[in-house]
Amino acid sequence: MLGAVLAGCGGGAGAPDAGREAARMGTPAAPGSASAPAAGSPAGSPAAAPQAGAPAKPPTMAPGPGGLTPVFERAKQQTDKTVALTFDADMTSDQGPRAEGGEHFDNPALISTLRTLKVPSTIFMTGRWAEEYPDQAKSIGTDPNFEIANHSYSHHAFKSPCYGLPALDAAAARADVDRAFAAFRQAGAVNTVPYFRFPGGCYDDQALRALSTAKVTAVQWDVVSGDAFAKDPVAVAEQVLAGVKPGSVVVMHCTRSAAPVTEEAVQQIVPELRKRGYRFVKVSELIGK
């Protein structure tokens with residue numbers, strides 16, 4: 001199952017249909033507007049009082065046609081040499097026994113390296129990961145260097161087929177998103193943002209419609225790192241360096257059992273991109289452009 005999980009995260013979901021393409025053309029909404037309630041807050045509920053370290057009103061994109069959840073892949077402002085490194089902290093709802101058996105779905109060394117190198121990053125976390133590693137989720141989610149975005153609770157698919165992942169219906173998909181935000185709050189993470197990444201990257205109009213009431217912006221990517229199950233950090237670094245353009249979103253993983261060379265690759269990627277004049281930003285900064 002983890003093979004499907006990680007392979008899917010760096011893959012794609014095929015060519016978009018008309019509705020998905022239109023949703024992708026949405027424009028950034030005003031920060032703090034009605035389309036961007038506090039992450040994890042039920043629609044219509046008052047936002048929680050600001051907490052130390054919490055981002056101030058992260059920007060979202062305006063809904064697409066028919067209110068479809070908008071999709072962000074790369075900054076429209078493509079002259080500024082900024083790039084967002086994003087890391088999927090994957091864990092499916094049924095992988096608890098494997099964690100108990102010693103399998104590591106976390107990657108503390110990667111987080112430490114990002115801190116040491118001072119690389120602002122967006123972590124797309126599953127709720128199940130936050131439950132398994134609450135101390136790490138809190139540490140990441142209270143560090144201003146990071147923002148935590150929603151990668152579902154269960155890492156089940158929102159569209160089928162999707163790399164062999166079990167599929168959720170529309171009602172279950174919407175509840176899954178809420179459950180993940182609740183897990184982040186339970187862990188004590190405050191740097192959460194109203195962004196969502198589909199498990200496996202798989203979505204269609206039905207999935208975008210199911211999430212419309214969650215008031216999130218779906219975040220995909222334009223650069224696949226290839227770090228899932230990779231054994232050569234140099235190859236991963238080279239693939240990222242070859243693909244990055246101004247405004248790019250890079251998808252990587254924060255799961256050492258199945259992406260064991262990511263931290264080593266980051267140590268090569270970061271200095272080289274800085275040498276090329278790139279500045280690292282969180283997804284929220286790209287969306288806000």
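Student: Is the crossing of α4 and α10 left-handed or right-handed?
Tutor: Keep in mind that this is a predicted model. Helix α4 covers residues 108-116, and helix α10 covers residues 262-275. A crossing counts as right-handed if the near helix is turned clockwise from the far one by less than a right angle. For α4 and α10, the crossing is right-handed.

Student: At what angle do α4 and α10 pack?
Tutor: Two packed helices are described by the angle between their axes and the distance between the axes. Here the axes of α4 and α10 are 9 Å apart, and the angle is about 15°. That makes the two helices, α4 and α10, roughly parallel. The angle asked for is about 15°.

Student: Which residues of α10 meet α4?
Tutor: Start on the α4 side, with A109, L110, T113 and L114. By class, the contact of α4 with α10 has 4 nonpolar, 3 polar and 1 charged residues. On the α10 side, the residues are T262, E263, V266 and Q267.

Student: How do the residues of the contact of α9 with α10 divide by class?
Tutor: The axes of α9 and α10 come within 8 Å and cross at roughly 35°. This crossing is right-handed. From α9 come P233, V234, V236, A237, V240 and L241, and they meet E264, A265, Q268, I269, E272 and L273 of α10. The division is 9 nonpolar, 1 polar and 2 charged.

Student: Now a loop. Is S154 buried or exposed?
Tutor: S154 sits in the loop between β4 (146-150) and α7 (170-187). Its relative accessible area is 4%. Buried means under 20%. So S154 is buried.

Student: Which residue's side chain makes a polar contact with the side chain of S154?
Tutor: Leave aside neighbours within four places in sequence. S154 is then in contact with M91, T92, S93, L168 and D176. One of these, D176, is 22 residues from S154 along the chain, yet their C-alpha atoms are separated by 6.9 Å. The side chains of S154 and this residue make a polar contact of 3.2 Å, and the partner is D176.

Student: What is the relative accessibility of M125?
Tutor: M125 lies in strand β3, residues 121-125. Not counting residues up to four places away in sequence, M125 touches residues including A89, I140, I148, H151 and F184. Its C-alpha atom is separated by 9.0 Å from that of R197, 72 residues apart along the chain. M125 counts as buried, and its relative accessibility is 0%.

Student: Which residues does a cis peptide bond join?
Tutor: Look in the loop between β4 and α7, where P161 is placed. Omega is about 0° for this bond. The two residues joined are S160 and P161.

Student: Is K118 buried or exposed?
Tutor: K118 is in the loop between α4 and β3. Its phi is near 55°, a positive value in a residue other than glycine. The relative accessible area is 62%, and exposed means over 50%. So K118 is exposed.

Student: What is the phi of F229?
Tutor: F229 belongs to the loop between β7 (223-224) and α9 (233-243). At 42% relative accessibility, F229 counts as partly exposed. F229 is not a glycine, yet its phi is positive, about 65°.

Student: Last one. What share of the residues in the protein chain is buried?
Tutor: The chain's secondary structure comes to 11 helices and 9 strands. Among contacts between residues at least 6 apart in sequence, 83% join residues at least 24 apart. Of the 289 residues in the chain, the buried share is 55%.

How values were computed:
Residues are numbered from 1 along each chain as its sequence is written. This is a predicted model: local features need pLDDT of at least 70, side-chain atom pairs count only at pLDDT 80 or more; totals for chains, interfaces and linings use all residues. Side-chain values use heavy atoms; hydrogens and water are left out. Axes are lines fitted to C-alpha atoms, for helices over the stretch in contact, and angles run from 0 to 180 degrees between N-to-C directions. Helices (H or I, at least four residues) and strands (E, at least two) are DSSP runs, numbered from the N terminus. Angles under 35 degrees count as roughly parallel, over 145 as roughly antiparallel, 65 to 115 as roughly perpendicular and the rest as oblique. Contact means heavy atoms within 4.5 Å. Ala, Val, Leu, Ile, Met, Phe, Trp, Tyr, Cys and Pro count as nonpolar, Asp, Glu, Lys and Arg as charged, and the others, Gly among them, as polar. Buried means under 20% relative accessible area, exposed over 50%, partly exposed in between (1.4 Å probe, protein chains only). A polar contact is a pair of N or O atoms within 3.5 Å; within protein, one must be able to donate a hydrogen and the other to accept it, and residues adjacent in sequence count only if both atoms are side-chain atoms.
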